[in-house]
Amino acid sequence: MIIVTTDFISGKEIETIQIVSASTVQTRHIGKDIGAGLRNLVGGEVKNYVEMMNSSRELVIQRMTEQAENLGADGIVGVRFMTAEVMEGAAEVMVYGTAVKFK
């Protein structure tokens with residue numbers, strides 16, 4: 001499965017299937033939130049949240065890829081990510097793109 005942010009895949013003629021997407025809402029453990037709050041006072045990277053967002057992106061890519069594979073797709077083009085805070089300490093990560101088949 002080829003996944004790209006461009007609207008094309010170099011060297012491939014593609015046929016559009018349909019939009020595919022996936023999302024997840026993740027939270028961190030309250031103890032880790034306290035540490036993150038302290039980090040807010042002194043500045044710097046909040047590694048727990050970086051890890052949470054990285055694993056969230058991996059999860060939604062996996063889910064979107066499975067959806068595309070179930071449609072018989074060879075790739076996904078135009079991939080975009082969106083994030084939003086849905087409540088304090090909880091973030092939604094969404095990914096979407098267009099499933100395509102190679103001609």
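Me: Which residues have the most contacts inside the largest nonpolar core?

Reply: Val20, Met64, Ala68, Ile76 and Val95. That core has 14 residues. Bear in mind that this is a predicted model.

Me: Which elements give two or more residues to that core?

Reply: Strand β2, helix α2, strand β3 (75-87) and strand β4 do. The largest share comes from α2, with 5 residues.

Me: Why would nonpolar residues gather like that?

Reply: In soluble globular proteins, nonpolar side chains tend to be buried together.

Me: Take Val20. What is Val20 in contact with, leaving aside neighbours within four places in sequence?

Reply: The list is Met64, Gln67, Ala68, Leu71, Ile76, Val95, Tyr96, Gly97 and Ala99.

Me: Let me step back. How many helices and strands are there?

Reply: The protein has 2 helices and 4 strands. Along the sequence they run β-β-α-α-β-β.

Me: And how much of the protein is buried?

Reply: Of its 103 residues, 25% count as buried.

Me: What share of the contacts join residues at least 24 apart?

Reply: Taking contacts between residues at least 6 apart in sequence, 74% do.

Me: Where does Thr65 lie?

Reply: In helix α2, residues 47-70.

Me: Is Thr65 buried or exposed?

Reply: Buried. Its relative accessible area is 13%, and the cut-off for buried is under 20%.

Me: What about Thr24, buried or exposed?

Reply: Thr24 counts as buried because its relative accessible area is 8%, under the 20% limit. Thr24 sits in strand β2, which covers residues 14-27.

Me: What does the side chain of Thr24 join in a polar contact?

Reply: The side chain of Gln26, at 2.8 Å. Beyond four places in sequence, Thr24 is also in contact with Ser56, Leu59, Val60, Arg63, Ala91, Glu92 and Val93.

Me: Now the charges. How many salt bridges are there in the whole structure?

Reply: The search finds 1 salt bridge. The side chains of Glu13 and Lys103 form it, at 3.7 Å from N to O.

Me: Where are those two in the chain?

Reply: In distant parts, 90 residues apart. Glu13 is in the loop between β1 (2-3) and β2, while Lys103 is in the segment after β4.

Me: Are they buried or exposed?

Reply: Both Glu13 and Lys103 are exposed.

Me: Why would such side chains pair up?

Reply: Side chains of opposite charge can pair when their charged atoms come close.

Me: Last topic, the surface. Which residues make the nonpolar patch of about 290 Å²?

Reply: Ile19, Met82 and Tyr96 make it. Tyr96 is in strand β4, residues 90-102.

Me: Why does Tyr96 count as partly exposed?

Reply: Because its relative accessibility is 31%. Partly exposed falls between the buried limit of 20% and the exposed limit of 50%. Tyr96 is also one of the contacts of Val20.

Conventions
Residues numbered from 1 in each chain as written. Predicted model: local features only at pLDDT ≥ 70, side-chain atom pairs only at ≥ 80, totals over all residues. Heavy atoms only, no water. Patch = residues over 30% accessible without salt bridge, like charges linked within 9 Å, V, L, I, M, F, W, Y side chains within 5 Å. Areas by Shrake-Rupley, 256 points an atom, 1.4 Å probe, with all protein chains shown as cover. Salt bridge = Lys/Arg side-chain N within 4 Å of Asp/Glu carboxyl O. Buried < 20%, exposed > 50% of the residue type's maximum accessible area, 1.4 Å probe, protein only. Polar contact = N/O pair within 3.5 Å; in protein donor to acceptor, adjacent residues only side chain to side chain. Contact = heavy atoms within 4.5 Å. Core = buried A, V, L, I, M, F, W, Y, C linked by side-chain atoms within 4.5 Å.
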